[in-house]
Amino acid sequence: MEQNNTVTEFILLGLTQDPTKKKMVFVIFFIFYVGTVVGNLLIIVTIKSSRTLGSPMYFFLFHLSLADSCFSTTTAPRLIVDSLFAQRTISYNECMTQVFAIHFFGPVEVLVLIFMAIDRYVAICKPLHYPTIMRQQVCTILVVLAWIVAFIHSTTEIMLALKLPFCGPNLINHYCCDLQPLLKLACMDTYMINLEWVSNSGSICTGSFVFLMISYIVILHSLRNHSAEGRRKALSTCISHIIVVVLFFGPCIFIYARPPTTFPMDKMMSVFYTIGTPFLNPFIYTLRNAEVKNAMRKLCHITTTSESRR
């Protein structure tokens with residue numbers, strides 16, 4: 001991969017150069033990352049071990065938590081470790097690997113969120129057909145499709161990155177490798193590559209967000225015909241999903257659906273998109289979901305009981 005480049009490594013400038021602030025970055029994002037991994041792992045174990053969480057919604061939530069953990073892992077550990085050192089270098093190959101990982105696990109999350117919206121639409125608007133449409137076989141095919149499509153997307157993105165020749169500056173004004181900061185270092189006209197990038201990642205983010213918001217508007221509109229109890233339960237679930245969609249796609253659209261212009265808030269938007277949202281998702285889905293909370297209590301009770309018997 002390095003044969004057409006004179007640059008063999010990059011220097012990540014990170015979120016700050018101030019020594020005191022770097023210590024704060026270490027503490028804050030260490031807590032965020034541990035919380036992300038523990039929270040999502042708890043959801044994964046709970047859904048896997050609970051007989052009451054066997055519906056398609058929890059099947060998709062299982063894969064969303066898995067994607068969240070992996071997505072956060074692509075950037076958070078390096079950000080945490082780099083905050084301890086003055087010189088933060090990343091090799092060319094590691095940089096390209098990070099680009100691939102970001103654009104692999106991100107789209108998996110996008111597609112799973114879309115499938116969760118479809119699941120809620122069928123459950124609320126087509127309840128009689130729900131068992132037939134959202135059967136286990138269909139859900140499994142959808143999830144496998146999500147991972148395949150994400151792999152195709154990330155392969156497309158990494159091919160764009162590998163086209164970039166680097167023959168001069170190697171300072172990346174970011175905490176991770178992504179196409180946008182790399183385009184600024186390439187010693188070539190990047191107009192066409194940027195156009196391909198925006199039409200690819202930008203259209204996925206924007207199109208998915210529009211589709212999801214229309215879906216939830218239709219779902220909320222259809223709740224008029226439901227009972228008060230049915231509306232309350234459906235609203236609780238849908239509001240959780242809408243919060244996650246807005247938190248995830250807001251920064252995503254800001255980063256990927258615009259020309260390569262640098263804004264002061266770019267890095268913080270990326271932090272929220274790659275680290276913040278995966279950290280918040282477990283809290284959003286568990287605090288507003290009685291079934292998940294009850295299943296977690298049972299899991300904790302079983303674990304405590306088995307430990308006490310030993």
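**Pockets and cavities**

I started with the second largest pocket and sorted its lining by class: six nonpolar, four polar and three charged residues. For the classes I count Ala, Val, Leu, Ile, Met, Phe, Trp, Tyr, Cys and Pro as nonpolar, Asp, Glu, Lys and Arg as charged, and the others, Gly among them, as polar.

Housekeeping before I go on. This is a predicted model, where local features need pLDDT of at least 70 and side-chain atom pairs count only at pLDDT 80 or more, while totals for chains, interfaces and linings use all residues. Residues are numbered from 1 along each chain as its sequence is written, and side-chain values use heavy atoms, with hydrogens and water left out.

On terms, I work on a 1 Å grid over the protein atoms alone: a cavity is a set of points where a 1.4 Å probe fits but cannot get out, a pocket is an open set with protein on both sides within 12 Å along at least five of seven lines, and lining residues have an atom within 4 Å of a point. Points are joined across faces, edges and corners, and a volume is the space filled by probe spheres set on them.

Back to the second largest pocket: I get a volume of about 180 Å³. Its lining has 13 residues, with Asn173, His174, Pro181, Lys184 and Thr262 nearest the centre. I find β3 (171-172), α7 (179-183) and α10 (266-287) each supplying at least two of the lining residues. Helices here are DSSP runs of H or I with at least four residues, strands are runs of E with at least two, and both are numbered from the N terminus.

Next, the largest pocket, which holds about 480 Å³. I see 23 residues lining it, and Met57, Arg120, Lys233, Thr237 and Glu291 lie nearest its centre. Which helix gives the most to this lining? It is α9, with eight residues. By class I have ten nonpolar, eight polar and five charged.

Then I looked for cavities and found three of 30 Å³ or more. Of its 13 lining residues, Pro107, His153, Cys205, Cys252 and Tyr273 are the closest to the centre. I note that α4 (92-125) provides the largest share of this lining, five residues.

Last entry: the second largest cavity, about 70 Å³. I list Leu12, Lys22, Arg78, Asp82 and Tyr175 among its lining residues. Here α3 gives the most, three residues, and the class count is five nonpolar, three polar and four charged.
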